[in-house]
Amino acid sequence: MSIHTPPKRGFTVVELLAAFMIVGVCITMFTMLVSTAADQRQTARMQRIAADQLQNTLEYLAVLDPEKMETGTQDFTPLQEIIARSLPGGKLQVECKPYQPESEKTVKT
């Protein structure tokens, strides 16, 4: 007569540890991916805002009266703190040349 033992059900401790390790690695990788994407999105946003502010500065300079501007190279510090944070060490340099109205310009032939 043979004695049948019912098959054991469930997982071994090693199988459970392996599964938890795999899940842990997947969660860690997903968290790093989301964090990196958020950082890149924030960096792109800051650079876009800085570029917009610099464009505004250039437009401001374009409407200034050229007779009142000093000649030479002028440094313009960023107008907003956000530019300094997103473009560290960046500065806007404008080279101003003496103003010469159109009527006084000579044409070289």
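pLDDT is the predictor's confidence in each residue, on a scale from 0 to 100. This model is predicted, so the legends start with that score.

**View 1. Confidence across the chain.** The average pLDDT of the chain is 78. A score of at least 70 is reached by 63% of the residues. Helix α1 has the highest confidence, with a mean of 90. Confidence is lowest in strand β1, residues 72–76, where the mean is 65.

**View 2. The whole chain.** Two helices and two strands make up the secondary structure. Read from the N terminus, their order is α-β-α-β. The chain has 109 residues, and 11% of them are buried. Take the contacts with a separation of 6 or more: 57% of them join residues 24 or more positions apart.

**View 3. Helix α1 from end to end.** Helix α1 covers residues 13–62. It has 50 residues, so at 1.5 Å a residue it should span 74 Å. The C-alpha atoms at its ends are 73 Å apart, which agrees.

**View 4. Buried residues of α1.** Five names belong here: Met46, Ala50, Gln53, Thr57 and Leu61 are the buried residues of α1. Buried means under 20% relative accessible area.

**View 5. A nonpolar patch on the surface.** Phe11, Leu16 and Phe20 form this patch. Together they have about 380 Å² of accessible area. Phe20 lies in helix α1. Is Phe20 buried or exposed? Its relative accessibility is 60%, and the cut-off for exposed is over 50%, so Phe20 counts as exposed.

Technical notes:
Residues are numbered from 1 along each chain as its sequence is written. This is a predicted model: local features need pLDDT of at least 70, side-chain atom pairs count only at pLDDT 80 or more; totals for chains, interfaces and linings use all residues. Side-chain values use heavy atoms; hydrogens and water are left out. Patches are made of residues with over 30% relative accessible area and no salt bridge: like charges are joined within 9 Å, nonpolar side chains (Val, Leu, Ile, Met, Phe, Trp, Tyr) within 5 Å. Accessible areas come from the Shrake-Rupley method with a 1.4 Å probe; for residues, only the protein chains shown count as cover. A salt bridge is a side-chain nitrogen of Lys or Arg within 4 Å of a carboxyl oxygen of Asp or Glu. Helices (H or I, at least four residues) and strands (E, at least two) are DSSP runs, numbered from the N terminus. Buried means under 20% relative accessible area, exposed over 50%, partly exposed in between (1.4 Å probe, protein chains only). The expected span of a helix is 1.5 Å times one less than its number of residues. Contact means heavy atoms within 4.5 Å.
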